Amino acid sequence: MIVPRTESVTEVIRKVQDMPELIRRHVTDDQICVLTFDRPDSAANIFDKATLVDLNNHINFILCNSSLKGVVITSAKKSIFVAGADLTQLSKAKTPDELRDMIELGQSVFNRLAMINIPSVAAIHGACVGGGYEVCLACDYRIASPDKVTKIGLPETQLGIVPAWGGSTRLPRLIGLPKALDIILGGKTLAAKPALKCGMIDDIAPREYLVEKACQLILKRGAKLRVRPTKFMHRLAKVGPVLNFIAKKVQKQVLQKTRGHYPAITKALEVVTQGLTKSIDASLVLERDAILELGSTEACRNLIRIFFLQERAKKLSGVAADVAAESKVGPVKRITVVGAGIMGGGIAQWASSRDISVILRDINHDAIAKGLSGIAKIYDAGVKRHALTRVEARAGMDRISPSAVDVPLHSADVIVEAAVEKMDLKKKLFARLDELAGPNTILASNTSALSISEIATATKHPERVIGIHFFNPVHRMQLVEVVVGRQTAPEVVRRAVKFVQQIGKLPVVVRDAPGFLVNRILMPYLIEAGHLFENGARVEDVDECMLEFGMPMGPLRLIDEVGVDVSNHVAADLASKFSDRMHCPDVLSKMLADQLLGKKSGKGFYVHTKKGREPVVNPRIDKYHSGTSCAKLTRDELQTRMVLLMINESARCLEGGIVDEAADVDFGMIMGTGFAPFLGGPLRFADNVGLPQVVAEMKRLADEEPRFTPCSLLQTLAGTGQTFYKS
Amino acid sequence: MNTPRLVIIDGVRTPFSKMGTDLARLGPEELGRIAVNALLTKTGLNPALIDEVIFGCVGQPADAANVARVIALRAGIPEHVPAFTVHRNCASGCEAVTQAYEKMLAGRGEIFVVGGTESMSQVPLLYIHQAAAKFAKLARAKSIGQRLGAMLSFRPADFKPRIGLQLGLTDPVCGLNMGETAEILAREYGVTRDKQDAFALESHARAIAARDKLDEEICPIYPPSTRAVVSSDNGPRKEQTIAALTKLKPVFDRKNGTVTAGNSSQITDGAVALLVMSEMKAAELGMTPIGAMTGYAYAGCDPQRMGLGPVYAIAEAERRTGITLDHADVVEINEAFAAQVIACLACLKSDEFAQKHLKRDHHVGKIPKDVLNVNGGAIALGHPVGATGARLILTSLKELNRRQGKRALISLCVGGGQGAAIWLERN
């Protein structure tokens with residue numbers, strides 16, 4: 001259907017100025033104005049300044065055309081409606097004024113959209129988040145496609161800010177305070193079905209019918225769409241005491257969870273609850289002031305940086321550009337996982353859920369049976385969480401082919417070995433896998449401790465041997481270390497990185513050295529925790545001070561979770577390689593001798609009772625203190641020691657070329673260990689504290705305990721007034 | 001011989017488990033999926049090369065119509081590969097293979113995944129027609145009154161199920177149960193209870209002795225939400241004795257009968273999958289077959305004496321291929337009933353039977369004891385009806401290779417009055 005277009009003055013100006021058309025306009029025979037977001041040369045729509053201006057121009061056109069009956073807002077992209085505000089523009093705002101302008105521009109354009117006196121309907125398909133959902137909130141009605149790519153929500157608090165283009169104001173008015181707090185404070189994005197259930201959208205329709213349905217709705221219901229009766233419960237939540245009650249209760253929960261490390265969440269609570277009692281305009285002012293205040297905080301900057309680092313990891317090639325361009329190997333279709341234990345099973349489960357056929361190989365039927373039942377449990381839990389349907393879960397299970405005997409592996413694109421951590425066994429395995437594999441198969445090890453280069457020597461093709469190190473639990477941990485051995489070919493690195501990205505994980509490329517990146521930095525920290533405890537520090541103090549610091553879990557509790565046996569093994573192994581500064585605390589082997597294995601045996605530093613109940617400190621753990629030298633240290637001092645060791649080891653990784661950039665270290669630690677994201681990672685944190693101060697503190701401690709001696713990179717940087725991050 | 005041969009590259013089967021035991025919770029589509037998946041894993045064949053998937057199944061599941069297609073897709077065979085299900089009662093598993101053979105001869109494909117699957121545990125119970133009509137009325141009822149009326153029309157007798165398995169094992173033309181047809185043969189050919197029981201005991205003894213050999217055919221099953229492994233057939237009884245068999249009551253003719261649960265085939269769940277292709281294709285892919293199919297025949301006979309089907313089919317196969325029974329180094333005649341197999345042996349060596357029923361002057365041949373069902377048969381291993389035909393091919397070819405023999409013959413009686421016979425050979 002070709003419809004003559006009426007060109008407005010602004011449009012002519014735009015053409016003269018040669019601005020790209022970001023939003024297409026089309027007026028139907030029924031006089032409905034359809035605005036289609038379609039950013040040229042991009043798979044995504046975002047709200048940058050130009051897009052806001054463009055939208056404003058279209059609103060001008062609508063206001064000038066009294067014959068129009070309604071407005072439909074939609075997107076032409078395959079998987080994105082509007083992916084929110086342009087974070088690059090936001091984060092690069094040099095002055096507060098620049099940020100203020102951007103916020104106010106968005107607020108005013110969306111406000112004008114909300115005030116248009118004809119009905120407006122958002123027809124949503126694809127990611128509709130942040131500013132993308134706020135523009136929908138400014139519409140009168142929202143319809144979304146039920147597709148998997150459709151995700152609706154306000155994730156701003158995860159970036160350390162609050163929804164400030166009307167989201168914090170309009171969402172509680174639409175769905176009520178409690179639900180709005182749940183979405184905004186949690187930074188949640190929902191699929192269409194739950195979004196419909198909680199009222200964030202009004203209807204669901206197939207993608208192909210979205211616009212048609214929106215137009216019909218406007219023609220049928222007309223002005224009635226503009227009016228939305230407020231529900232009694234929504235009004236009730238506005239009553240002072242009720243509001244205060246809800247606010248107090250939520251605040252308590254928030255503080256418990258965040259320990260005040262995430263000011264955006266507290267701020268969002270404040271804006272939403274206070275804004276609800278005020279006029280729209282006054283509430284928008286609250287939003288604006290909140291984001292301006294938050295935008296200047298280090299926490300916000302760090303959270304946005306992590307966002308960008310994640311985006312970078314998704315696009316990473318892992319090798320020089322010319323290698324990346326050279327070959328074209330299609331996506332991975334089949335893999336083989338050797339070893340059906342926790343890690344092997346986890347990898348098989350995850351890959352199979354990502355459309356990849358998996359041969360799961362182990363030496364006997366019982367190991368496979370155990371592995372398969374573990375995989376089934378992960379799938380079942382996914383079905384219960386509504387992360388996938390029963391049919392999808394069954395299809396995933398169907399993709400796994402168990403085998404307890406040697407079978408041809410020539411069609412496997414990647415073989416991931418996740419067998420017992422014993423070098424001689426791995427060498428034998430790799431020699432055999434090298435024979436069974438096809439010429440293009442990548443031979444990967446999931447080892448967390450052994451040298452990839454050494455494993456590779458057992459094969460005739462060391463150039464195709466690489467480390468692909470997943471973290472436990474595989475289905476929850478996004479980070480994967482891609483470990484480059486001495487002889488690993490760049491092409492193999494590239495394909496391994498691609499594979500990791502293909503299955504939705506975030507790769508970090510690291511050089512082959514003991515502990516690689518994450519465990520290398522984590523272990524000195526856990527060892528120090530053990531050491532502090534051994535010398536009299538209380539479990540509560542050691543763990544609590546690191547929770548205060550912003551770690552998701554205290555170090556001793558983490559040892560319990562990982563297993564005292566595994567921790568002891570890994571720590572001892574690494575300590576043997578870095579004996580100048582690491583010494584595995586004896587307490588772990590003493591605990592092992594007494595069958596205190598941590599969570600799996602029910603007792604370790606903590607007593608782990610039933611599922612879902614917080615473990616309590618083991619009342620008999622005190623007998624494992626063997627000294628008193630650390631008994632008197634304050635929590636601050638405990639924290640300093642553990643953090644300094646992490647910083648030092650991080651610097652050593654950079655120094656030793658384990659990774660190329662400081663950002664890789666920080667990214668790895670945040671994604672791999674949950675290192676306080678708002679601090680930006682150990683190296684960013686060190687930069688912010690000031691390297692001279694870090695070095696001074698370390699030297700002070702090193703007088704008595706040489707393991708605190710700062711590495712030469714730290715000393716040089718501090719000495720020359722440089723930092724890990726340039727600018 | 002100039003006719004191209006269909007070669008069997010390899011095969012696997014699930015363990016055969018008695019109805020209601022280890023595999024009872026898995027439907028025929030799941031059993032078939034596991035077998036095909038294991039076959040593809042074992043052979044390493046790129047599934048995109050497969051031209052068609054053909055599976056036999058007698059009790060086809062209501063929730064997985066054209067079960068072959070369901071099996072193919074769930075086993076990871078790409079969607080462009082078509083699939084269909086075949087049904088020739090107890091020879092359905094043979095039919096899948098002979099269909100592939102015909103397709104190959106007609107130039108309609110070269111690589112096939114074939115087999116059979118059956119979950120006798122999951123053959124459904126049915127409502128009688130009268131009850132179904134009442135349910136339909138209830139579904140159509142609009143007003144509350146109509147609905148109430150429809151509900152009140154039900155009588156307790158409406159809920160008495162028709163047992164699908166029983167219906168399936170009854171010949172709808174002659175009205176006899178399969179066991180009753182075996183009783184006829186026992187009477188007419190003088191197959192005494194003692195002979196039948198002795199035959200059954202031998203079947204168990206042979207299956208037990210061959211346990212390791214049979215395990216070679218088996219892909220283990222890991223039943224979901226358990227940590228268990230099922231990796232062997234559970235039908236063969238090590239402690240089976242003549243005394244125990246003698247104690248059993250006849251099932252089909254309680255007063256004068258001789259056919260008991262002990263000397264009949266067991267009712268069993270299981271699936272078999274075979275990778276077959278043209279000889280040329282196998283050479284091209286560099287795959288070494290375990291054997292080849294050289295010819296086959298199906299033949300009809302009296303439904304009341306369906307147990308004699310093998311005699312007719314073997315004679316017909318000889319007519320078509322020119323290969324005589326004495327050429328077989330291994331013979332499998334499916335043990336639907338001990339009485340039926342013994343009757344077949346008698347007829348095969350009878351000139352009189354040949355003249356009267358087979359339009360030939362002389363008998364078909366004799367089958368030595370050490371050639372027939374050497375690793376036990378369905379009396380011990382069980383008879384998942386749709387799958388058995390394919391199992392006999394797999395079991396006999398493996399045995400032929402062990403014996404370094406040249407030819408094998410497999411044959412089954414088929415409910416409804418038919419017989420099937422397939423000639424196989426080793427390269």
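I'll walk through a sheet in chain A and then a helix in chain B. Keep in mind that this is a predicted model.

Okay, chain A. What we have here is an open sheet of eight strands with mixed pairing. Reading across, the order is 13-12-11-14-15-16-17-18. The edges are strand 13, residues 400–403, and strand 18, residues 506–511, and each of those pairs on one side only. From one strand to the next, the twist averages 25°.

Let's zoom in on one pair in chain A. Strand 16, residues 465–470, runs antiparallel to strand 17, residues 479–484, and four bridges join them.

Now, which helix lies across strand 17 and strand 18 of chain A? That's helix 28, residues 662–673, running at about 125° to strand 18.

Over to chain B and helix 12, residues 309–321. Its 13 residues should span 18 Å at 1.5 Å a residue, and the end C-alpha atoms are 18 Å apart, so the two agree.

Which residues of this helix are buried? Going along helix 12 of chain B, they're B:Gly309, B:Pro310, B:Val311, B:Tyr312, B:Ala313, B:Ile314, B:Ala315, B:Ala317 and B:Glu318. And what do they pack against? In chain B, there's strand 9 (291–300), strand 10 (330–333), strand 11 (407–414) and strand 12 (418–425), plus helix 13 (338–348).

Note on methods:
Residues numbered from 1 in each chain as written. Chains lettered and ligands numbered in written order. Predicted model: local features only at pLDDT ≥ 70, side-chain atom pairs only at ≥ 80, totals over all residues. Pairing = 2+ DSSP bridges. Helix = DSSP H or I, 4+ residues; strand = E, 2+ residues; numbered from the N terminus. Axes fitted to C-alpha atoms, helices over the stretch in contact; angles between N-to-C directions. Contact = placed C-beta atoms within 7 Å. Expected span 1.5 Å × (residues − 1). Buried ≥ 20, exposed ≤ 12 C-beta atoms within 10 Å, placed from the backbone.
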